[in-house]
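Me: I have a structure open and would like to go through it. Can you take my questions as they come?

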Amino acid sequence: MRKVDIQIGGTPIGEFPTWAYPAGDSLGVFLVPVYSCAVTGQNDAGNDVLERFNVLRFGVKSEDGRVAKVVGLADYQKHVIKAWVSSYTVHSARSDENGAWQVKDNFLIHDGPDHTGELFATVGCIEIIGTKGFSKFNDLILKLAGPSPGDRNQQLSEIGRSGNMYITYAQAKHPPLKKR
């Protein structure tokens, strides 16, 4: 199995609307920064590959429906991806792109909004933005890792168990709570 590196940028490249999860839908819409995600590795022919995605890195959380705060991982850190969680479904919006990569504890990489008119909430997971963005992300992971033959879920699970997929978060400034 080949190594796959995921780099999460530390400098915002835009903003995206969100709401305060899980109990803050009455608090209105907030804006969180968008960051670049670079995925690198080698394909079957041994050629270097680099593809970029836009992601949400920080989110807004409200437990009581009255107070909201920004949450997410701001410090520089590197993790070995722990597992592919095939049973994961997005909790804050409708999505048919199921599954998630476990980074650390409850911090995951999973599907995010397709466009600015689609409100997803996040509490610090990496959410892949764009139409079928998470599916495209996983297609790339499969191409770079080179898992054994099998169905898609078996291959993603093998990659998750391999210890050959890494994610690095660049240092980022914790963003302020910002209403749209």
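Reply: What follows is a run of questions and answers about this model, which is predicted.

Me: Start with the aromatics. How many aromatic pairs are there?

Reply: The count is six aromatic pairs, taking ring centres within 6.5 Å as the limit.

Me: What kind of pair do tryptophan 84 and phenylalanine 134 make?

Reply: The ring centres of tryptophan 84 and phenylalanine 134 are 6.1 Å apart and the planes are at 20°, so the pair is stacked. The cut-off for stacked is under 30 degrees.

Me: Which parts of the chain does that pair tie together?

Reply: Tryptophan 84 is in strand 9 (residues 83-85) and phenylalanine 134 is in helix 1 (residues 133-145), so the pair ties together parts 50 residues apart in sequence.

Me: Are tryptophan 84 and phenylalanine 134 buried or exposed?

Reply: Both tryptophan 84 and phenylalanine 134 are buried.

Me: And which residues form the aromatic cluster?

Reply: One cluster is formed by Phe53, Trp84, Trp101, Phe134 and Phe137.

Me: Which ring does the charged end of arginine 57 sit over?

Reply: That would be tyrosine 35, with the charged end of arginine 57 at 5.6 Å from the centre of the ring. Lysine 78 lies over the face of tyrosine 166, and there the distance to the ring centre is 5.3 Å.

Me: Back to helix 1. What should its 13 residues span?

Reply: At 1.5 Å a residue, helix 1 should span 18 Å, and its end C-alpha atoms are 18 Å apart, which agrees. The expected span is 1.5 Å times one less than the number of residues.

Me: Which residues of helix 1 are buried?

Reply: The buried residues are Gly133, Phe134, Phe137, Asn138, Leu140, Ile141, Leu142, Leu144 and Ala145. Phe134 and Phe137 also belong to the aromatic cluster.

Me: What comes just after helix 1?

Reply: Glycine 146 comes there, with a positive phi of about 65°.

Me: What about positive phi in a residue other than glycine?

Reply: Aspartate 105 has a phi near 50°, and lysine 132 has one near 55°. Most residues other than glycine have a negative phi.

Me: Where is aspartate 105, and is it exposed or buried?

Reply: Aspartate 105 is in the loop between strand 10 (100-104) and strand 11. With a relative accessibility of 56%, aspartate 105 counts as exposed.

Me: Where does lysine 132 lie?

Reply: Lysine 132 is in the loop between strand 12 and helix 1, and at 38% relative accessibility it counts as partly exposed. Threonine 131 lies in the loop between strand 12 and helix 1 as well. At 53%, threonine 131 counts as exposed.

Me: Which peptide bond is cis?

Reply: The bond from tyrosine 21 to proline 22 is cis, with omega near 0°. Proline 22 is in strand 3 (residues 21-22).

Me: New topic, the largest pocket. What space lies in it?

Reply: The largest pocket holds about 270 Å³. It is lined by 14 residues, and those closest to its centre are Tyr88, His91, Asn106, Val123 and Cys125.

Me: Where does the largest share of the lining come from?

Reply: Strand 11 (residues 107-111) gives the largest share of that lining, three residues. By class, the lining of the largest pocket has eight nonpolar, five polar and one charged residues.

Me: Is glutamate 127 buried or exposed?

Reply: Glutamate 127 is buried, at a relative accessible area of 1%. It lies in strand 12 (residues 126-128).

Me: How far is glutamate 127 from glutamate 63 in space?

Reply: They are 20 Å apart, C-alpha to C-alpha, and 64 residues apart in sequence. For threonine 131 and arginine 66, 65 residues apart along the chain, the C-alpha separation is 32 Å.

Me: What about serine 86 and alanine 100?

Reply: Serine 86 and alanine 100 are 14 residues apart in sequence, with 6.6 Å between their C-alpha atoms. Serine 86 is in the loop between strand 9 and strand 10 and counts as partly exposed at 40% relative accessibility.

Me: Last one: where is isoleucine 159?

Reply: Isoleucine 159 is in helix 2 (residues 152-162). At 2% relative accessibility, isoleucine 159 counts as buried. Isoleucine 159 and alanine 145 are 14 residues apart in sequence and 6.9 Å apart in space, C-alpha to C-alpha.

Notes. Residues are numbered from 1 along each chain as its sequence is written. This is a predicted model: local features need pLDDT of at least 70, side-chain atom pairs count only at pLDDT 80 or more; totals for chains, interfaces and linings use all residues. Side-chain values use heavy atoms; hydrogens and water are left out. Rings of Phe, Tyr and Trp (its six-membered ring) pair if their centres lie within 6.5 Å; planes under 30 degrees apart count as stacked, over 60 as edge-to-face and the rest as tilted. Helices (H or I, at least four residues) and strands (E, at least two) are DSSP runs, numbered from the N terminus. Buried means under 20% relative accessible area, exposed over 50%, partly exposed in between (1.4 Å probe, protein chains only). A charge sits over a ring if NZ of Lys or CZ of Arg is within 6 Å of the ring centre and within 35 degrees of the ring normal. On a 1 Å grid over the protein atoms alone, a cavity is a set of points where a 1.4 Å probe fits but cannot get out, and a pocket is an open set with protein on both sides within 12 Å along at least five of seven lines; lining residues have an atom within 4 Å of a point. Grid points are joined across faces, edges and corners, and a volume is the space filled by probe spheres set on the points. Ala, Val, Leu, Ile, Met, Phe, Trp, Tyr, Cys and Pro count as nonpolar, Asp, Glu, Lys and Arg as charged, and the others, Gly among them, as polar.
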